Amino acid sequence: MKVSALLLCFLLAKGVFGEDMSVMEGDSVALRTDLTDLQKYERILWTFGTDSTRIAQINNVVNKISLYNDVLDGKFKDRLQLDDQTGSLTITNTRTTDTGLYELQVIGGKEVPPKKFSVIVSALPVPVISRNASQCSSLGSSGSRCSLVCSVVNVSHVTLSWYKGSSLLSSISVSDLSISLSLPLEVEYEEKNTYICLLNNLISSQTQHLDISKLCQLCSVDTEDGLSLRHMVLICIGVVVTLLVLAAVGVFSIYWKHRKTDQLRDGLAETDELKMMAVNVGGTVVLNTGVTAIRSFDVLQWRFNDLNTDSTNPFTVIAKLNEPNNFDCNCPDETFRHRVKLDQQNGYLTINDIRPTDFGVYKLNITRNGRNVISKSFIVR
């Protein structure tokens, strides 16, 4: 990214102005000519860099289209696409070394001024690992689990994965433009540090190693010689502060509960959302409710329908909370049996060992007092 910024500053310093374009490494970028009739001109020429190296050309005199794959040590080999109708140039599977100045020259026929594009290709961001809850286990709770999440923002056409050593634990892929991804993970406090979070596409990857000792810490109290006066005072202060915070949280919770109740009475509900998700066969997908905790009086329901199914065919309920039988997988022909996991706290739906029959529409509904408060739809493909 520093190289890209320096190059951009160099271009501006030399007085080079044009259309600025920024893409993530691995994406495609289209440089458009805005021309509609190429037959009026003798040649459509594309060049790259301050040395104006020829990389693509349409020669209407001899009716020939040329892509110069061998120039610049094969820099653009098999990655250039030239539209014979408009002359627009598309660069696929971009790399950071593609950053620079691209120029369009139209020769012969009606005079058309050169068109310049300043393209910056940024490297994939490094994923960030954080703890879901800032809580510490009590002494001796060796069986406690630490809840983590790996996240990345403003990405497209990538896969985010958790690995333990060389074994894939879970992953999520996206083809949408510039969205945020997050992937949860639970580990034992005393496990060895062998976990990594990997962000990758067809071109490159970024890895973040999990430091369990840093993110997952057990509470400890030295009891061999008893508690010192200082420790006792600190504990008392901590207890008082905790009680004050809990009291404040309680007051706020009551206020918020009444406020939400008033909103429900007025017919207010969260807007229905639609998300597109891509996942490989055999992989794992996590459908996020967007809430941190399901209330005891909330009713949650996950439903599924095939994309190719007739619209008159009703959705099938595959998981639910706070209904009779609590969690129940109503899966026709054992479709999802033993592969669906419903988080009892936040309602997240995890589907393991994805099969082609799992591709379709998943609908989430959370109702409160008989009124719908959250509706989400996920298209998994």
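I shall begin with the basis of the model and then turn to the salt bridges.

This is a predicted model, in which local features need pLDDT of at least 70, side-chain atom pairs count only at pLDDT 80 or more, and totals for chains, interfaces and linings use all residues. Residues are numbered from 1 along each chain as its sequence is written, and side-chain values use heavy atoms, with hydrogens and water left out.

How many salt bridges does a search of the whole structure find? The search finds 5, a salt bridge being a side-chain nitrogen of Lys or Arg within 4 Å of a carboxyl oxygen of Asp or Glu.

Consider Arg-368 and Asp-298, whose closest N and O atoms are 2.7 Å apart. Buried means under 20% relative accessible area, exposed over 50%, and partly exposed in between, with a 1.4 Å probe and protein chains only.

A further pair is Asp-358 with Arg-339, at 2.8 Å between the closest N and O atoms. Asp-358 is buried at 0%, as is Arg-339 at 5%.

Asp-34 and Lys-115 also form a salt bridge, at 2.7 Å. Here Asp-34 is exposed at 62%, whereas Lys-115 is partly exposed at 22%.
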